[in-house]
Structure formats: structure tokens, C-alpha cells
Amino acid sequence: MAVGSWLTGDGAMAWCALDQVPDGKPYALANLVAAAIRSGMHPREWEAAKSMPGHDVDLAAAPARIPSMHLSPARRAHEL
């Protein structure tokens with residue numbers, strides 16, 4: 001839900017979905033979405049970012065949860 005919400009420009013809904021991720025388990029995609037939202041990455045950059053040569057990411061090595069996933073002021077993607 002977090003990925004789909006973010007890709008359609010609904011950052012607030014994406015954060016709501018991320019808040020449902022259980023502590024103590026590695027959810028690499030949740031960490032990636034949280035990092036994208038925090039950095040202000042526009043969803044249209046997703047395809048370009050994941051296809052960059054030489055930027056292979058080991059998702060299994062991602063931390064279990066990004067610390068301090070507190071809600072910050074949300075902006076819809078089309079407002080970025």
C-alpha cells in the first residue's frame with residue numbers, strides 16, 4: 001500500500017501504510033519508500049533510480065526499520 005500510494009502522489013497515505021509495518025522484521029521495500037518520501041523524491045524518478053547502472057542495492061541487508069519514522073509535513077507529489 002505504501003508503494004502504490006506514493007507512486008500515485010499520496011504521501012500521507014503512504015506514511016499511514018508505513019506506520020503499519022511491524023517492528024523487528026526486515027521490510028526493505030518499506031525502508032526504501034520511507035527514504036524516498038523523506039528525501040522528497042518525486043514518484044516519476046522511481047524508474048530512473050532503480051535502473052541506474054552500478055547502483056545495485058542488497059535489499060536483504062537493509063535495516064529492519066528506519067529509526068524515527070515520525071510523520072513530517074506531507075506533500076502530495078504533484079506539489080513538489
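Predicted model: local features only at pLDDT ≥ 70, side-chain atom pairs only at ≥ 80, totals over all residues.
View 1. Leaving aside residues up to four places away in sequence, A30 touches L18 and V21. Look for W15 too: its C-alpha atom is separated from that of A30 by 9.8 Å, and the two residues are 15 apart along the chain.

**View 2. A14, a residue of helix 2.** Here the view moves to helix 2, where A14 lies. Is A14 buried or exposed? With 0% relative accessibility, A14 counts as buried. Not counting residues up to four places away in sequence, the residues that A14 touches are A2, S5, W6 and I37.

**View 3. Helix 2 and helix 3, packed together.** Two packed helices are described by the angle between their axes and the distance between the axes. For helix 2 and helix 3, the angle is about 145° and the axes are 11 Å apart. The crossing in which helix 2 passes helix 3 is left-handed. Which residues meet here? Helix 2 brings G11, A14, W15 and L18, and helix 3 brings A30, V33, A34, I37 and R38. Sorted by type, the residues of this contact are seven nonpolar, one polar and one charged.

**View 4. The largest nonpolar core.** This core holds 14 residues, and those touching the most other members are A2, W6, W15, L18, V33, I37 and M41. At least two residues of the core come from each of helix 1 (2–7), helix 2 (11–18) and helix 3 (28–39). Which helix gives the largest share? Helix 3 does, with five residues. For a closer look, pick V33: setting aside residues up to four places away in sequence, V33 touches A2, V3, W6 and L18.

**View 5. W6 and W46, an aromatic pair.** A search of the whole structure turns up one aromatic pair, and its partners are W6 and W46. A pair of aromatic rings is described by the distance of the centres and the angle of the planes. For W6 and W46, the centres are 5.6 Å apart and there are 80° between the planes, which makes the pair edge-to-face. Why does the pair tie together parts that are 40 residues apart in sequence? It does so because W6 lies in helix 1, whereas W46 lies in helix 4 (residues 46–50). W6 is buried, with a relative accessible area of 5%, and W46 is buried as well, at 18%.

**View 6. Stepping back to the chain.** To place the close-ups, here is the chain as a whole. How many helices and strands are there? The chain has four helices and zero strands, and its elements run α-α-α-α from the N terminus on. Of the 80 residues in the chain, 30% are buried. Among contacts between residues at least 6 apart in sequence, 72% join residues at least 24 apart.

Methods
Residues numbered from 1 in each chain as written. Heavy atoms only, no water. Core = buried A, V, L, I, M, F, W, Y, C linked by side-chain atoms within 4.5 Å. Buried < 20%, exposed > 50% of the residue type's maximum accessible area, 1.4 Å probe, protein only. Contact = heavy atoms within 4.5 Å. Axes fitted to C-alpha atoms, helices over the stretch in contact; angles between N-to-C directions. Left-handed = near helix turned anticlockwise from the far one by under 90°. Nonpolar A, V, L, I, M, F, W, Y, C, P; charged D, E, K, R; others polar. Phe/Tyr/Trp six-rings, centres within 6.5 Å; stacked < 30°, edge-to-face > 60°.
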